[in-house]
Amino acid sequence: VQLQASGGGLVQAGGSLRLSCEPSAKISGIRTMGWYRQAPGKQRELVARIYGGGSTDYLDSVKGRFTISRDIRKSTVSLQMDSLDVEDTATYYCNVNSAWGDYWGEGTLVTVSS
């Protein structure tokens with residue numbers, strides 16, 4: 001199964017983007033779905049994660065600005081990003097962790113200009 005992430009791009013500070021992640025086939029036994037990001041010269045970090053029961057985790061710096069959502073039937077996960085800041089500039093990766101494996105998308109670049 002491959003994950004295809006989309007929705008990245010160039011946006012001005014204060015703007016919004018919506019990232020989406022779609023698998024090439026339905027994934028069963030999903031435990032968590034999430035988004036990570038990696039900025040140049042920095043380690044990859046968890047941005048947001050949603051658990052099977054619907055609870056969520058967010059990176060402190062994105063709380064109140066980003067919202068993660070999912071469609072269990074389609075195994076898709078999205079990230080609505082509002083009030084973007086230059087510090088949000090990074091390559092964003094989607095992740096699906098299931099009982100059958102850990103899947104990663106190739107990444108989509110988000111660039112926020114001042």
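View 1. Tyrosine 92 touches Leu19, Trp35, Tyr36, Arg37, Val47, Phe66, Leu79, Met81, Gly107, Thr108 and Val110, when residues up to four places away in sequence are not counted; contact here means heavy atoms within 4.5 Å. This is a predicted model, in which local features need pLDDT of at least 70 and side-chain atom pairs count only at pLDDT 80 or more, while totals for chains, interfaces and linings use all residues. Residues are numbered from 1 along each chain as its sequence is written, and side-chain values use heavy atoms, with hydrogens and water left out. Tyrosine 92 has its place in strand β9, residues 90-98, where strands (E, at least two residues) and helices (H or I, at least four residues) are DSSP runs numbered from the N terminus. With a relative accessibility of 0%, tyrosine 92 counts as buried, a term that means under 20% relative accessible area, with exposed meaning over 50% and partly exposed lying in between (1.4 Å probe, protein chains only). The side chain of tyrosine 92 reaches the backbone oxygen of aspartate 88 at 2.6 Å, a polar contact being a pair of N or O atoms within 3.5 Å, of which, within protein, one must be able to donate a hydrogen and the other to accept it, and for which residues adjacent in sequence count only if both atoms are side-chain atoms.

**View 2. The largest nonpolar core.** The largest nonpolar core has 28 residues, and those with the most contacts inside it are Trp35, Phe66, Leu79, Met81 and Tyr92; such a core is a set of buried Ala, Val, Leu, Ile, Met, Phe, Trp, Tyr and Cys residues joined through side-chain atoms within 4.5 Å. Two or more residues of this core come from each of β1, β3 (17-23), β4 (30-38), β5 (45-51), β7, β8, β9 and β11 (108-113). Strand β9 gives the most to this core, with four residues. In soluble globular proteins, nonpolar side chains tend to be buried together.

**View 3. The disulfide between cysteine 21 and cysteine 94.** Cysteine 21 and cysteine 94 form a disulfide with their sulfur atoms 2.1 Å apart, and the count comes to one disulfide under the rule that the two cysteine sulfur atoms lie within 2.5 Å. Because cysteine 21 lies in strand β3 and cysteine 94 in strand β9, the pair ties together parts that are 73 residues apart in sequence. The link of cysteine 21 and cysteine 94 is right-handed, with 55° about the S-S bond, and both cysteine 21 and cysteine 94 are buried.

**View 4. The open sheet of four strands.** Strands in the order β1-β3-β8-β7, with antiparallel pairing, make up an open sheet of four strands, two strands being paired if DSSP finds at least two bridges between them. Strands β1 (3-6) and β7 (66-71) stand at the edges, each with a single partner strand, so one side of each is left without a neighbour in the sheet. Six bridges join β7 to the antiparallel strand β8, residues 76-81; across this pairing, arginine 70 stands opposite valine 77, and isoleucine 68 stands opposite leucine 79.

**View 5. The hairpin of β7 and β8, with threonine 76.** Four residues lie between β7 and β8 in this hairpin, and serine 75 in the turn has a positive phi of about 60°. Most residues other than glycine have a negative phi. Serine 75 has 1% relative accessibility and therefore counts as buried. Threonine 76, which has its place in strand β8, also counts as buried, at 18% relative accessibility. Leaving out residues up to four places away in sequence, threonine 76 touches Cys21, Glu22, Pro23, Met33, Ser69, Arg70 and Asp71.

**View 6. Glycine 9 in strand β2.** Glycine 9 has its place in strand β2, residues 9-12, and counts as partly exposed at 24% relative accessibility. Apart from its neighbours within four places in sequence, glycine 9 is in contact with Leu17, Leu109, Val110 and Thr111. The C-alpha atoms of glycine 9 and threonine 108 are separated by 7.9 Å, although the two residues are 99 residues apart along the chain.
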